[in-house]
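Q: I'd like to walk through this one slowly, please. Could we take it piece by piece?
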Amino acid sequence: MAASASSAILKLSSPSTTTATWLRHRPLGLSSLSLRDQPRRFIVLSMDAKPTILVSEKLGEAGLNLLKEFANVDCSYNLSSEELCTKISLCDALIVRSGTKVNREVFESSAGRLKVVGRAGVGIDNVDLAAATEHGCLVVNAPTANTVAAAEHGIALLTSMARNIAQADASVKAGKWERNKYVGVSLVGKTLAVMGFGKVGSEVARRAKGLGMHVIAHDPYAPADRAHAIGVELVSFDMAISTADFISLHMPLTAATSKILNDENFAKMKKGVRIINVARGGVIDEEALVKAIDAGIVAQAALDVFTVEPPPKDSKLVQHENVIATPHLGASTMEAQEGVAIEIAEAVVGALKGELAATAVNAPMVPAQVLTELKPYVALAEKLGRLAVQLVAGGDGVKTVKVTYASARAPDDLDTRLLRAMITKGLIEPISSVFVNLVNADFTAKQRGLRITEERIILDGSPENPLESVKVQIANVESKFASAISDSGEVTVEGRVKDGIPHLTKVGSFEVDVSLEGSLILCRQVDQPGMIGKVGSILGEENVNVSFMSVGRIAPRKQAVMAIGVDEEPSKQSLKRIGEISAVEEFVYLKL
Ligand SMILES: NC(=O)c1ccc[n+]([C@@H]2O[C@H](COP(=O)([O-])OP(=O)(O)OC[C@H]3O[C@@H](n4cnc5c(N)ncnc54)[C@H](O)[C@@H]3O)[C@@H](O)[C@H]2O)c1
Ligand SMILES: O=C(O)[C@H](O)COP(=O)(O)O
């Protein structure tokens, strides 16, 4: 195919604006339909019916009020898993604390309607993140509002364990006066090992220093200077557990931390060590802990969290006289619960409105100002993906896609994750029943064996706009519109944003200029007078409004590609008549 040439533009009506689609979902009220049955039109939720938010555990009043301003709120506590699965198909968002298991079945039962899971707290080990991501469901948490409450509870357990407060209180209430039995141990000068030096761990460390303790910490990912700043030394795991008089656990429950305190590690501890756990029950092998207490290795344990919550009534661990227990109260202060409720309500409402959440757990975080700037480019990216895949003969063969961004911005000043996700959405949705958004785009591409590579072209000049152009190329495929194959052999479409509107500027090697709205007809023809009129009158006869027309040609009277934007879908008969115009060599109709 010859190189590109000049392009003539004929603007016929003014285009309307498009809306960013990073978390677009299927329309409300269609949850009972299968994915395949559902229309391929996506809407931004806030523009349509009021969403429904299910709150499955007690949430602070201030948060509930925020939710109610925006959505129908269903507060249904203590649901069985079956009840949750039944309700979820009618909900757009779910808000939980640690007591609700949001497993794969929940996402499957939602049939695609659930867009956001909000965890009103830190730990997300009760949410199946992989399943959420696969279903394109965003998970957000409230990571900061209960930090101080958890740290204070850790210190409360530490001090009350050291002075036998719980046992002594029970004894006095039972009418006894056992002053010799409840002699405690002092904290000052003792070594506390903080395992997990994150938000809660560092606050515990700070407070323990105030009690005169020597504080060390183990955290493979914590920066040493943050620890030094509060006078804490970061040490190895073995050093921490073998030198400590008190061990306080503050790491998340992950595959790596599951049962990290086990027989082997209890054996390394100092005899008489005391353990505090306000993290997650699963980080301790509870049977091993009972054995370690019975063997005198562990003198006492103070536990707020358990592998199974609530623990069985006859739990040896809970019943042990050297163990004090609280029912997962770390985050339960009035202040923390109000804070958590507001934090999660804002995150969930924001996500439902299509804003990117700062506390997203399973999606890349794109700051709001970047999102605003990228909005028209997001629409462009999705449309280029849709066009490119529809130009492929038998779209299923699409495996290798190259995206080229031309920009005057420095490489680290352009976040392309959102654009890549939207190109992926555009590439996959027209040829499948899969729904793609920012959350599941990379996963879905990988699952379908779609390899997307990205390249940057750095342009000279002032970087007023984030991007000059975006080019999408699909390699190793045939096209149903041969002119869409560029000189280098790929199906190629290129576009840019003009006055906030996405435009198609190149097809194959032909330059065109057509605003990307409605649908598009591409025709290759021998350039000659009267072509625009002929096509325009066929469409006009059936009242199809032409929004844009542009002709890109190699040279006068040689081959040209005409791009025609149409507001309505032309009938098959009209398309056939366009194809029958003698100068038309090939044509294709593409839905945007
Ligand atoms: N009991 C409660 O009510 C309550 C309240 C709040 C938080 N929590 C729990 O406390 C834990 C900490 O919460 P946070 O807000 O401080 O989280 P955080 O993410 O700020 O801190 C966790 C820290 O653990 C570290 N870590 C990860 N793997 C580790 C490992 N193998 N060994 C040592 N450190 C490791 C991380 O680097 C991080 O610094 C979480 O499990 C959370 O669910 C419980
Ligand atoms: O991870 C957390 O935030 C805490 O464990 C609090 O859990 P809760 O919200 O169930 O009290």
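Q: What does H15 lie across, and at about what angle does H15 run to S14?
A: Helix H15 lies across strand S14 (400-407), S15 and S16, and runs at about 140° to S14. Helices (H or I, at least four residues) and strands (E, at least two) are DSSP runs, numbered from the N terminus, while axes are lines fitted to C-alpha atoms, for helices over the stretch in contact (contact means heavy atoms within 4.5 Å), with angles from 0 to 180 degrees between N-to-C directions.

Q: Before going on, what sort of model is this?
A: This is a predicted model, in which local features need pLDDT of at least 70 and side-chain atom pairs count only at pLDDT 80 or more, while totals for chains, interfaces and linings use all residues. Residues are numbered from 1 along each chain as its sequence is written, chains are lettered from A and ligands numbered from 1 in the order in which they are written, and side-chain values use heavy atoms, leaving out hydrogens and water.

Q: Okay, is Leu 418 buried or exposed?
A: Leu 418, which lies in helix H15 (residues 417-428), counts as buried because its relative accessibility is 0%. Buried means under 20% relative accessible area, exposed over 50%, and partly exposed in between (1.4 Å probe, protein chains only).

Q: Which strands form the sheet with mixed pairing, and in what order?
A: Six strands form that open sheet, in the order S15-S14-S16-S17-S18-S19, and the pairing is mixed; two strands pair if DSSP finds at least two bridges between them. Strand S15 (451-458) and strand S19 (510-515) stand at the edges, each with a single partner strand, so one side of each has no neighbour in the sheet. From one strand to the next, the twist averages 20°.

Q: How many residues of strand S17 are buried?
A: Six of the eight residues of S17 (residues 491-498) are buried, so this strand is largely enclosed by the rest of the structure. S17 runs antiparallel to strand S16 (residues 469-475), with five bridges joining the two, and Ile 474 stands opposite Val 491 in S17.

Q: And what about S17 and S18, how do they pair?
A: S17 and strand S18 (residues 501-507) pair in the antiparallel sense over six bridges, with Gly 495 opposite Leu 504 in S18. The two strands form a hairpin with two residues between them, and Asp 499 in the turn has a positive phi of about 50°. Pro 502 is found in S18, and Pro 502 counts as buried because its relative accessibility is 1%.

Q: Switching topic, which residues are around ligand 2?
A: Among them are Arg 97, Ser 98, Asn 146, Arg 280 and His 328, where a residue is near a molecule or strand if one of its heavy atoms lies within 4 Å of it.

Q: How far are the polar side-chain atoms of Arg 97 and Arg 280 from an oxygen atom of ligand 2?
A: For Arg 97 the distance is 2.8 Å, and for Arg 280 it is 2.7 Å. An N or O atom in the side chain of His 328 is 2.6 Å from an oxygen atom of ligand 2. Taken alone, ligand 2 exposes 320 Å², of which the protein buries 91%; accessible areas come from the Shrake-Rupley method with a 1.4 Å probe, and for residues only the protein chains shown count as cover.

Terms used. Polar contact = N/O pair within 3.5 Å; in protein donor to acceptor, adjacent residues only side chain to side chain.
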